[in-house]
Amino acid sequence: MLRHDLLFVTPFERGLLAKAGVKPHSRWVGSQRLETHVLHAEGGPKVGVLVLPPLAASARNIPPALTAEIAAAVQKLRATSKIVVAMSPWGYAMEQEYLQGQGPLPDVLLGSGPGLGLTGQIAAGGRTAWIRSFAQGKSITRIEIFAWPERSSTFKWTEEQNIRMTIFGLTDAYQEDPRMLSLMQSMGTD
């Protein structure tokens, strides 16, 4: 119903959905390995998407081999895409660790998992816009790109110049869509 191009569903979430009898859709992505995708609307720019695999619950750090694999994937996607977006289930602490790395980083990191939600923060010396979803999905983040990232060493995201990140809380001010509400009623959400 949301007409999404791609939906990140972690292996854990897939298991929960399968137990509930929900069959996976073709646009669901997310597995135990790093995935790369290219989204391309007709006449529009190509968007490179990295779907980061979950880390072991016991992980204290990101495995160096995975960091190297992600860096290589970022480089490869940059060769064909206007922007590279990574989607992470790692949680705040691991994403923060990742953004302190030296390798090629994605232009945008969409984070999720344990920890704080972020409307948007410019990270990694200005190279990455970091956005984290808020708990219980009760908000929508809008990211507006005014100028594509340049592939130069001096490029930096600057709020209100080449990017804008805004959050909209889903309060009573927004009218509920009856079709969506009927979908959610059986889930026991408030």
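Does Arg 151 count as buried, partly exposed or exposed, and what is its relative accessibility? In this predicted model, Arg 151 has a relative accessibility of 39% and therefore counts as partly exposed, since that class lies between the limits of 20% and 50%.

Arg 151 forms a salt bridge with Asp 107, in which the closest N and O atoms are 2.9 Å apart. This pair links distant parts of the chain, for Arg 151 sits in the loop between strand 9 (139-145) and strand 10 (163-169), while Asp 107 sits in the loop between helix 3 and strand 6, 44 residues away. Asp 107 itself is buried, with a relative accessible area of 1%, and it also forms a salt bridge with Arg 78, where the closest N and O atoms are 3.7 Å apart. Because Arg 78 belongs to helix 2, this second pair ties together parts that are 29 residues apart in sequence.

Arg 78, Asp 107 and Arg 151 are among the residues that line the second largest pocket, which has a volume of about 170 Å³. Its lining divides into five charged, three polar and three nonpolar residues.

Beyond its neighbours within four places in sequence, Tyr 98 is in contact with several residues, including Ile 70, Trp 90 and Leu 105.

Elsewhere, Arg 164 in strand 10 and Glu 144 in strand 9 are 20 residues apart, yet their side chains meet in a salt bridge (3.1 Å, N to O). Salt bridges with shared partners join Arg 142, Glu 144, Glu 160 and Arg 164 into one network.

Note on methods:
Residues are numbered from 1 along each chain as its sequence is written. This is a predicted model: local features need pLDDT of at least 70, side-chain atom pairs count only at pLDDT 80 or more; totals for chains, interfaces and linings use all residues. Side-chain values use heavy atoms; hydrogens and water are left out. On a 1 Å grid over the protein atoms alone, a cavity is a set of points where a 1.4 Å probe fits but cannot get out, and a pocket is an open set with protein on both sides within 12 Å along at least five of seven lines; lining residues have an atom within 4 Å of a point. Grid points are joined across faces, edges and corners, and a volume is the space filled by probe spheres set on the points. Ala, Val, Leu, Ile, Met, Phe, Trp, Tyr, Cys and Pro count as nonpolar, Asp, Glu, Lys and Arg as charged, and the others, Gly among them, as polar. Contact means heavy atoms within 4.5 Å. A salt bridge is a side-chain nitrogen of Lys or Arg within 4 Å of a carboxyl oxygen of Asp or Glu. Helices (H or I, at least four residues) and strands (E, at least two) are DSSP runs, numbered from the N terminus. Buried means under 20% relative accessible area, exposed over 50%, partly exposed in between (1.4 Å probe, protein chains only).
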